[in-house]
Amino acid sequence: MAGPAAAAGHPKPATAAGQPKLGDACSSADLGTRHPFIKTTEVSPTITHFKGWYVTEGSTGYQNVTTSTQTTISVSVGLNGNVQGSFAVDTLGTVGASLGLNVQVNYSTTSSESNSVTWNFQRPGYYGVYKGTKKVTGTYGSLNCNRIQQGDGNWALKWIEGPGSGSFTTYTTLEEGAVRCQDKVPANSIMAKAQGLLDCGSAAAKAKHPAGAVAPTAKQTQNRLVQRPAPTSGTSAEHPKATGRAQAALNCESGVYRIDVPGKVLNWSAPLLANDGIRLRESTFFSAHLDNWRLCNVTENNGVIEASLWNWGNGGCATIPADIANQEQAYLTTASCGEDDLQRFYIYRDVPGSSKIGVQNKYTGSMVGHDRYADGELIRQYSSGRQDGTGTYTLTEV
C-alpha cells in the first residue's frame, strides 16, 4: 500500500532550487509575478497495464504479451486539468525537484503508452506481465510578492502565500516486467503492486493452464480504473465559480486612477468596441475617460486587495473573456459588470510611499502584464506573470 511522501499539512513547503521561499524578500519588479510551492505530496506505485500469463515447460523464452489497460493516469494541474502555461510546468518541475523524481511536466496520459510487453520467461509458472509507474499527487500554493508590515512598524516586500491553490497529478517513467506469486519483491514497489493483482491465493492462480493468456481474475477486473483529469475542489484563485454577466450594482471607492506603466506615458485604456481589448494607450484630451478606473466592491485579506475594476469611459468592468479564460496570454477586455470572478482581481502593493502594483485575475489565477511596451499593445494574462517586470504597474490617482 502506498505511503505519503509528505504528510498533509507539510510544515516546510518544498520549492525547487533557485525558487523563492515564503518570507523571502522580493522587489517591486516581482509584484506582477507568482511562483508555485508544494504543500503536500503522495507517491503511489500504480499498475497501468496488466495481463495474467501462463508459461509451460515448452514455452519459455522471449514472448510478446499484449496487456490490458488497468489504470489511466493523466497529468493535470489546477483548474483546467491539462497543463497550460509556465505556472503549471513550474509546479510539476518543483514537485520533481522536491521528491528527487523524474516526473512528467507536460500534459500526457499513460493510456497513450503502448501496451505490448516483450519479456524473456526463463521458468514456467503463472506470471503477471505489467507496466507500471509511480503516481504522484498533491497540493500546491502560490507565492506572490506583497508588502508586509514588520514588527518595528516598517514595511518590506516579501513573498507571501497568495490566494491561488489547487491540486496536481503526474507520474514517473513507466517500467515493465513480469512477476510470479513465489517471487520475493521489494515492499511498496511497482512489482509488488503487480504481484498483488495476481491474486495468488485464487483458484485461477493455482490451476493448470495452457501457455498464454489467462482470463482476468475478479480482483484484476475490480481494480481496473480509468482516471480522467477533472477540476479539483481547491479554493481561491484556482477554483472560484465563474457566474453570469448580469449587470450588477457596484459600491465603488471615490478615487479615480490610471493604471500606468511605471515611469512611462502609456497606461491601460478600455476599448470603445465590444470585440476589442484593454490596450496600452497615451492619455490625451480625446481619451474620453477610457483611461480612468475605479476600484469597486473592495475587500482586503492579509494585506491583499480584491476589487472589480470599473471603467469610467465605457461603464464596463475589466474581465477576461470566458471563452478564452483557460488560455495563456488571453487578453483583457471590459463587459457589463456582474457577479463574476472573471471580473475580480487581486492587487498586490509596494511599500507605502510607492504606488506600484501587481494584478492577478481571481478566477484564472494568472497575473496581468503586457508582451512589449508599445502603443496599442494588449493587456494579457500570464500564468506566472512577466518575469521581466512588465507586469508591474502604477496606480496613479487622477
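What pattern do the disulfides of the protein follow, with bonded cysteines counted along the chain? They follow 1-2, 3-4, 5-6, 7-8. This is a predicted model, and the protein has four helices and 23 strands. Of its 398 residues, 52% count as buried.

**Overall numbers**

- If you take the contacts between residues at least 6 apart in sequence, 71% of them join residues at least 24 apart.
- The protein exposes about 17,700 Å², and carbon and sulfur atoms supply 50% of that area.

**Disulfides**

- The count comes to four disulfides, and three of them are walked through below.

*Cys 26 and Cys 145*

- Cys 26 is joined to Cys 145 by a disulfide, with 2.1 Å from S to S.
- Cys 26 sits in the segment before strand 1 (34-55) and Cys 145 in strand 7 (residues 125-149), so this link ties together parts that are 119 residues apart in sequence.
- The torsion about the S-S bond of Cys 26 and Cys 145 is about 85°, so this disulfide is right-handed.
- Are these two cysteines buried or exposed? Cys 26 has a relative accessible area of 13%, so it counts as buried, since the cut-off for buried is under 20%. Cys 145 is buried too, at 0%.

*Cys 252 and Cys 296*

- Cys 252 and Cys 296 are joined by a disulfide with an S to S distance of 1.9 Å.
- This pair links distant parts of the chain, 44 residues apart: Cys 252 is in the loop between strand 11 (225-226) and strand 12 (257-260), while Cys 296 is in strand 15 (residues 293-301).
- With 95° about the S-S bond, the link of Cys 252 and Cys 296 is right-handed.
- Cys 252 counts as partly exposed, at 22% relative accessibility, whereas Cys 296 is buried at 0%.

*Cys 317 and Cys 337*

- The sulfur atoms of Cys 317 and Cys 337 are 2.1 Å apart, and the two residues form a disulfide.
- Cys 317 is in strand 17 (residues 317-319), and Cys 337 is in the loop between strand 18 (333-335) and strand 19 (344-349), so the pair ties together parts that are 20 residues apart in sequence.
- The S-S torsion of Cys 317 and Cys 337 is about 95°, so this disulfide is right-handed.
- Both ends are buried: Cys 317 has 0% relative accessibility, and Cys 337 has a relative accessible area of 1%.

**Helix 1**

- How far apart are the end C-alpha atoms of helix 1 (residues 86-99)? They are 20 Å apart, which agrees with the 20 Å that its 14 residues should span at 1.5 Å a residue.
- The buried residues of helix 1 are Phe 87, Ala 88, Thr 91, Leu 92, Thr 94, Val 95 and Gly 96.
- As a bit of background, an α-helix has 3.6 residues a turn, so residues three or four places apart point the same way.
- Those buried residues of helix 1 pack against strand 1, strand 5 (76-77), strand 7 and strand 8 (155-171).
- Just after helix 1 comes Gly 100, which takes a positive phi of about 70°.

**A loop contact**

- Asp 152 has its place in the loop between strand 7 and strand 8.
- With 57% relative accessibility, Asp 152 counts as exposed.
- The side chain of Asp 152 reaches the backbone nitrogen of Asn 154 at 3.0 Å.

**Aromatic pairs**

- The structure holds five aromatic pairs, and two are picked out here.
- Phe 87 and Tyr 140 form an edge-to-face pair, 5.9 Å centre to centre with 65° between the planes.
- Phe 87 lies in helix 1 and Tyr 140 in strand 7, so this pair ties together parts that are 53 residues apart in sequence.
- Phe 87 and Tyr 140 are both buried.
- Trp 268 and Tyr 393 are also an edge-to-face pair, at 5.4 Å centre to centre and 80° between the planes.
- Trp 268 is in strand 13 (residues 266-269) and Tyr 393 in strand 23 (residues 392-397), so the pair ties together parts that are 125 residues apart in sequence.
- Trp 268 is buried at 0% relative accessibility, and Tyr 393 is buried at 0% as well.
- Which residues make up the aromatic cluster? Trp 268, Trp 293 and Tyr 393 form one cluster.

Methods:
Residues are numbered from 1 along each chain as its sequence is written. Side-chain values use heavy atoms; hydrogens and water are left out. A disulfide is a pair of cysteine sulfur atoms within 2.5 Å. Helices (H or I, at least four residues) and strands (E, at least two) are DSSP runs, numbered from the N terminus. Buried means under 20% relative accessible area, exposed over 50%, partly exposed in between (1.4 Å probe, protein chains only). The expected span of a helix is 1.5 Å times one less than its number of residues. Contact means heavy atoms within 4.5 Å. Accessible areas come from the Shrake-Rupley method with a 1.4 Å probe; for residues, only the protein chains shown count as cover. A polar contact is a pair of N or O atoms within 3.5 Å; within protein, one must be able to donate a hydrogen and the other to accept it, and residues adjacent in sequence count only if both atoms are side-chain atoms. Rings of Phe, Tyr and Trp (its six-membered ring) pair if their centres lie within 6.5 Å; planes under 30 degrees apart count as stacked, over 60 as edge-to-face and the rest as tilted.
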